Amino acid sequence: MTEPQPGTPAAPERDLARPDGSTVRLALVVGGLVLAVLLGFGLGRINGDGSPAATGLDSALADHTHAPGTGAHEHGADQGAAAEAAGLAVTASGYTLTPLGGEFTAGREGELRFQVRDAQRRAVTRFAVVHEKPMHVIVVRRDLSGYQHLHPSMAADGTWSVPLTLPRAGVWRAYADFTAVADDGRQVPVTLGTDLVAPGGYAPRPLPAPATAATVDGFTVGVEGTPQAGLTVPLTFRITAPGGTPALERYLGAYGHLVALREGDLGYLHVHPEPELVDGAVRFWLTTPGPGRYRLYLDFQVAGEVRTAEFTVTVP
């Protein structure tokens, strides 16, 4: 260190315990940024927990469209949730499907009655209208035959009912597909499943082989697309009749409604359509959670009548 020359005033010593002005300003800026991040995280936890119910995943997927020509793709972090099969349990997302009765005689009309109850065992009476109905019920035998798509009515006490005929003996699966409105206004999409029984000899029918075309009431329905496990894949259905291309009408708010069921556990898959026809055809986006065989049921409407075309697809 250089000593000061005689007669030269010494430089004032810096007070090391007191930060200068620039240091204080920098500390305040950094502290403000950290506080903003922490507050944002906390508010996000308060307003929603990130689950599909809190973020409206089903609604977002239903409104999600893809540009023409888009191929198989992933959706990032929500891909696993979108691919999970639903309808495997009577309880999910805090709601329970409670059958009321359930005795059926094969070939004879009966009545399906049930309630949806919340975590406090209260009958739920508030449901959002989705695809023009507050409740969709799918019924199919465990060999994936006898598909029915029903829309029950609800009584004031939350009891849903609809006439139902199980045409053949055996165990049948019923799915309640709905969006409940919680006390805080959140809309929670849920699919719950339960078994129905029509006593008698059960002779399961073999699942038809995969095919790219199906015929129903003179209409030919062709399907294009190759499902892939874990990916969202476009499936395009083109409907023709002996007189040419029929005038498709909207059914349940869209030009078609598609249900996919997995062979074995009968897992129920949500399938989302494009809002408009694509080159005159109906396009859906299917996400399969894993390999196996799936049965597809396409409902479409022409001249006020709804028909169902069925397909078997194999996912390697």
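Predicted model: local features only at pLDDT ≥ 70, side-chain atom pairs only at ≥ 80, totals over all residues.
Grid points are joined across faces, edges and corners, and a volume is the space filled by probe spheres set on the points. By this rule, 2 cavities of 30 Å³ or more are counted. Elements giving two or more residues to the lining of the second largest cavity are β2 (95-99), β3 (109-117), β8 (170-181) and β9 (187-198). Its lining residues include L97, P99, F114, Y175 and L196. By class, this lining has 9 nonpolar, 1 polar and 1 charged residues; Ala, Val, Leu, Ile, Met, Phe, Trp, Tyr, Cys and Pro count as nonpolar, Asp, Glu, Lys and Arg as charged, and the others, Gly among them, as polar.

Local features need pLDDT of at least 70 and side-chain atom pairs count only at pLDDT 80 or more, whereas totals for chains, interfaces and linings use all residues.

The secondary structure comprises 4 helices and 19 strands, taken as DSSP runs numbered from the N terminus (helices: H or I, at least four residues; strands: E, at least two). An open sheet is formed by 5 strands in the order β1-β2-β3-β7-β6, with antiparallel pairing; two strands pair if DSSP finds at least two bridges between them. Because β1 (91-92) and β6 (153-154) stand at the edges with a single partner strand each, one side of each is left without a neighbour in the sheet. The antiparallel pairing of β2 and β3 extends over 4 bridges, and T96 stands opposite R117 in β3.

Of the 316 residues of the chain, 41% count as buried, that is, under 20% relative accessible area (1.4 Å probe, protein chains only). P273 is placed in strand β16 (residues 272-273) and is buried, with a relative accessible area of 13%. Beyond its neighbours within four places in sequence, P273 is in contact (heavy atoms within 4.5 Å) with A254, R283 and F284. The C-alpha atoms of P273 and G256 are 7.6 Å apart, with a sequence separation of 17 residues.

Definitions and conventions. Residues numbered from 1 in each chain as written. Heavy atoms only, no water. Buried < 20%, exposed > 50% of the residue type's maximum accessible area, 1.4 Å probe, protein only. 1 Å grid on protein atoms, 1.4 Å probe; cavity = no way out; pocket = protein on both sides within 12 Å on 5 of 7 lines; lining within 4 Å.
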